[in-house]
Amino acid sequence: MTTTHQGPIAVWDAGAPYSLAQTLGIIGRGPGDRTVRIAPDNAWLAFNTPAGPATLGISQRGTELHARAWGPGAGHALDSAPALLGAQDDWSTFDSPAVTETLPLRVREARRRHPALRLPATGRMVDALVPAILEQKVTALEARRGYAILLKKFGSAAPGTGTDAAVPADLIVAPTPAQWAAIPSWEWHKAGVGPQRSATVQRMLRSSSGLERLSALPAAEAGSKLQSIPGIGAWTAAEVTQRTHGDADHVAVGDYHLAAYVGWALAGEPVDDAGMLELLEPWRGHRQRVVRLLQLSGFRKPTFGPRMSIQDHRGH
């Protein structure tokens, strides 16, 4: 695994099978999230850095990942690219016979068919926290619709758009913490975001500078500190550290569907959160890897039972 810099380009060799789409797929929050564009052999991401906004374009050539960056934060974006691409994610223990032989057949087969998956680590806490908070206690469709509305209205054009034909013209950078904090309450309401969730975002933003420092801590410690903010619980913390830290262990306790999904996949029946954690306990340290592989296995749980209704609060 090597990383080299060639002017404005960074080249990272994964040294093993690698899937750009599978690795970065969890970062985007639905098709309306215009901060991210991912295809099988290329990806575009726009985000804020301590040096300013940046656009990062990544192309894959075999096991090599070529990254190019635009904007004031270009250098920071290139330096963070290997971690974003999963360079710090180590599957060697999980792939050892001692673990592999204990895995259910469905998980073993998924790993065999998807050896190119890595867990990404963006290191960007606020960028992961805002959409995770918006997804609290509502459907993903409802939350992602609201997030897309806010991004479109309060985000800014990504560096390189309009000046370099290679950069997708509709790519945008999410608001900075100060810009998120300045959004009026009625704009959150018009986007379909209720006052409880918007208030949690505002509380989180008051600690934004300290929150970004959590990216340097181990995932478990960062997740614990996140939960000291009122309105941020275990589910939100896990959703964040899975993206910011490449968290291989923590699963989203409190998810409307996940426990039942894991129960059906591993035990043939639905379970609650406690039951899910009991089923995953033999693979503590790798529980999120198991969940990701189950999702890649193609398994679908039975569809009977109540569904969460989609609500639209924008006209009320």
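This is a predicted model: local features need pLDDT of at least 70, side-chain atom pairs count only at pLDDT 80 or more; totals for chains, interfaces and linings use all residues.
Helix 13 itself spans residues 258-267. The helix is mostly covered, with seven of its ten residues buried. Those residues are L258, A259, A260, Y261, V262, G263 and A265. What do the buried residues of helix 13 pack against? Their partners are helix 4 (105-113), helix 14 (273-280) and helix 15 (287-296).

## Helix 6

Helix 6 runs over residues 140-154, 15 residues in total. From first C-alpha to last, helix 6 reaches 21 Å. That is close to the 21 Å expected at 1.5 Å a residue.

Which residues of helix 6 are buried? They are E142, A143, G146, Y147, A148, L150 and L151. Among the helices are helix 5 (125-134), helix 7 (177-181), helix 8 (185-190) and helix 9 (195-205). The cover also includes strand 8 (172-173).

## The cavity

How many cavities of 30 Å³ or more does the whole structure hold? A search finds one. The largest cavity contains about 190 Å³ of space.

The lining of the largest cavity has 17 residues. I27, T35, R124, D127 and A128 lie nearest its centre. Strand 4 (42-49) and helix 5 are the elements that each give two or more residues to this lining. By type, the lining divides into nine nonpolar, three polar and five charged residues.

Notes
Residues are numbered from 1 along each chain as its sequence is written. Side-chain values use heavy atoms; hydrogens and water are left out. Helices (H or I, at least four residues) and strands (E, at least two) are DSSP runs, numbered from the N terminus. The expected span of a helix is 1.5 Å times one less than its number of residues. Buried means under 20% relative accessible area, exposed over 50%, partly exposed in between (1.4 Å probe, protein chains only). Contact means heavy atoms within 4.5 Å. On a 1 Å grid over the protein atoms alone, a cavity is a set of points where a 1.4 Å probe fits but cannot get out, and a pocket is an open set with protein on both sides within 12 Å along at least five of seven lines; lining residues have an atom within 4 Å of a point. Grid points are joined across faces, edges and corners, and a volume is the space filled by probe spheres set on the points. Ala, Val, Leu, Ile, Met, Phe, Trp, Tyr, Cys and Pro count as nonpolar, Asp, Glu, Lys and Arg as charged, and the others, Gly among them, as polar.
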